[in-house]
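Me: I'm new to this one. Can you walk me through it, piece by piece?

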Amino acid sequence: MKKRLTLMLTAASLALLLAACGGGSGDNNSMEVSTDSNDTDIASCAEYAIDQLKSVLKNPNSLIVNNLYAVEADDCYIFDIDYSAENGFGGMNRDEFFIAVSSIENGFAVRTYGTGAFSEAENQMYSSQDFEKFNKVSGAYILDPETYQVVGIEESGIDSTIDQRVELVGKMKGEKEDSTGYGGAWDFEVDGDPFLKVVYFTEGTDLSWYEQFTGLPYEITISAIKDADGIYREAEIVEDTIRDATIEERLQRFNYYDRTILQDTISDSGLEVMSGDAMEALLTDATFSMRNNYGGDGDGTHTITFHGDGTVDASYTYEGAEYSMYEAWRMDGDSVVCTHSYTNTYGEQKTADYYFTPYQYDETRYLLIDQNGDYSMVLTQQ
C-alpha cells in the first residue's frame with residue numbers, strides 16, 4: 001500500500017482490511033493466534049503487538065511503552081515499540097522491539113522469518129529492515145501508547161531520494177554472483193562503508209574494464225535510480241578520470257592505474273618503439289628526472305644517471321633511509337635492461353633484471369614501459 005497519510009488521525013481507527021504480510025527476506029512463515037476480536041484496524045493490530053511483546057518479557061507487568069510507531073507495509077503493519085521493562089536483575093532496560101502484524105480470519109498473525117519465534121534476532125533484523133524501508137517512503141504513524149490510536153505522522157525518516165536518480169562516488173568492488181540473489185549487479189563501495197551498495201547497470205553496459213581492478217578499485221562517479229530497498233538501478237557511469245585520461249594526464253599523475261593502462265594501450269597510442277642504438281646513445285652518460293612507482297618520502301620523482309661504464313645511480317628514500325633502485329644497465333636488442341641487486345628476507349643475495357620498452361613521447365620526455373611488472377618510468381632530460 002505504501003501511501004502517505006496527509007491527515008492527523010485521532011480517535012477514529014483506520015478501517016483497513018489486511019491480508020497476510022509480504023516483503024522481507026528469508027523463509028517467511030506466519031504464527032497464527034486466534035482471538036475473539038474481528039476488529040481489523042491499526043489500533044487492534046497495535047494492541048496485539050503489545051501483547052506479543054509482553055509474552056517474551058521476564059516481567060510483563062513491568063512494561064512501559066515510551067513511544068509506539070507503525071508503518072503500513074504490503075498488507076500489514078510493522079510496529080516499532082520503544083519500551084522499558086524489568087531485566088533479570090530487577091533493573092529497568094530500554095530497548096526497541098519490531099514486529100509485523102496482519103489481520104486474519106478471527107484474529108491476527110505475526111510475521112516470522114524462518115526461526116519460528118518472533119523475538120529471535122533474525123526476526124528483529126528483518127522486521128526492523130522492513131520498517132525502515134517503508135518508513136523511508138511514507139513516514140511512520142505515531143500511536144498513543146495507551147489508546148493505540150494514531151495521533152500523527154513522523155516524517156523525519158522519509159528519504160526524498162527514493163525513486164529519484166542520484167549520483168554516487170565510489171569503487172567497483174566486483175560483480176555479484178547469482179547465488180546472492182542479486183546476480184548481474186555490482187558491489188559498489190561508497191566512502192569506505194563496509195555495507196556495499198547493490199548497483200544494477202543499464203542493459204548492455206560493458207563493465208569488463210573494471211574486472212581487472214576489483215582487487216584494487218578506484219573511484220568513479222555513477223548515476224542511478226535508488227529504490228526503497230536501497231538498491232540502485234539503471235546505473236550509468238558519469239565520470240571515470242582514470243579510464244578516460246589522455247596520455248599527458250597519465251604522465252602527470254602516473255599512479256598505479258596509469259602505469260597499468262599505459263602497458264595495455266601503449267601499442268595503440270601511435271608512439272613508436274625506439275631503436276636500441278638510438279636509446280643507448282640517448283642514455284649513455286645522461287641524467288634524467290625520473291618518475292615511477294617508488295614514492296618513498298617524496299612524490300615519486302627521482303634522479304637517475306646512466307653511466308657509460310654500465311652502472312646506474314638511482315635511489316629513493318623511505319622513512320629517512322636511502323635505498324638503491326638499480327645499480328647497472330644495458331641494452332638487449334631494443335629493450336633497456338636495469339639490474340638491481342638486493343638481500344632478501346632470508347639474507348640471500350639476489351639479482352633481478354627489469355626489461356623496459358622505450359618510447360619517445362616528446363622532445364624532452366621518454367617512456368620506459370615495464371614488460372613484466374609495475375616499474376614503468378617517465379624520463380625527462382635534465
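Me: What should I know about the model itself?

Reply: This is a predicted model: local features need pLDDT of at least 70, side-chain atom pairs count only at pLDDT 80 or more, and totals for chains, interfaces and linings use all residues. Residues are numbered from 1 along each chain as its sequence is written, and side-chain values use heavy atoms, with hydrogens and water left out.

Me: Back to H6. Which of its residues are buried?

Reply: Gly-276, Met-279, Leu-282 and Leu-283 are the buried ones in H6, which spans residues 276-283. They sit on the same side of H6, because they cover an arc of only 130 degrees around the axis. That arc is taken from the directions from the helix axis to the C-beta atoms. Buried means under 20% relative accessible area, exposed over 50%, partly exposed in between (1.4 Å probe, protein chains only).

Me: And what is exposed on the other side of H6?

Reply: Asp-277 and Ala-281 are.

Me: What does the closed barrel look like?

Reply: It has eight strands, in the order S13-S14-S15-S16-S17-S18-S19-S20, with antiparallel pairing. Two strands pair if DSSP finds at least two bridges between them. Neighbouring strands of this sheet are turned by 30 degrees against each other on average, direction ignored.

Me: Where does H6 go relative to that sheet?

Reply: H6 packs on the sheet, and S13 (286-291), S14 (301-306) and S16 are among the strands it touches. Its direction makes about 140 degrees with that of S16. Axes are lines fitted to C-alpha atoms, for helices over the stretch in contact, and angles run from 0 to 180 degrees between N-to-C directions. Contact means heavy atoms within 4.5 Å.

Me: How many bridges join S15 and S16?

Reply: Six, in the antiparallel sense, between S15 (residues 311-318) and S16 (residues 321-332). Thr-311 has Ala-328 in S16 as its bridge partner.

Me: New topic. How many residues are in the largest nonpolar core?

Reply: The count is 29, and Leu-68, Phe-79, Ile-81, Ile-99 and Leu-143 have the most contacts inside it. A nonpolar core is a set of buried Ala, Val, Leu, Ile, Met, Phe, Trp, Tyr and Cys residues joined through side-chain atoms within 4.5 Å. H1 gives the largest share, eight residues. A second, separate core of 26 residues includes Ala-286, Ala-352, Phe-356 and Leu-379.

Me: Is Glu-189 buried or exposed?

Reply: Glu-189 counts as buried, because its relative accessibility is 17%. Glu-189 lies in strand S9 (residues 186-189). Both faces of S9 are covered, with Trp-186 and Phe-188 buried on one side and Asp-187 and Glu-189 on the other.

Me: What stands opposite Glu-189?

Reply: Lys-171 does. S9 pairs with S8 (residues 165-175) in the antiparallel sense over four bridges. S9 also pairs with S10 (residues 197-201), antiparallel, over three bridges. There, Asp-187 stands opposite Val-198.

Me: Last one. How many helices and strands are there in the protein?

Reply: Six helices and 20 strands. Of the protein's 382 residues, 44% count as buried.

Notes. Helix = DSSP H or I, 4+ residues; strand = E, 2+ residues; numbered from the N terminus.
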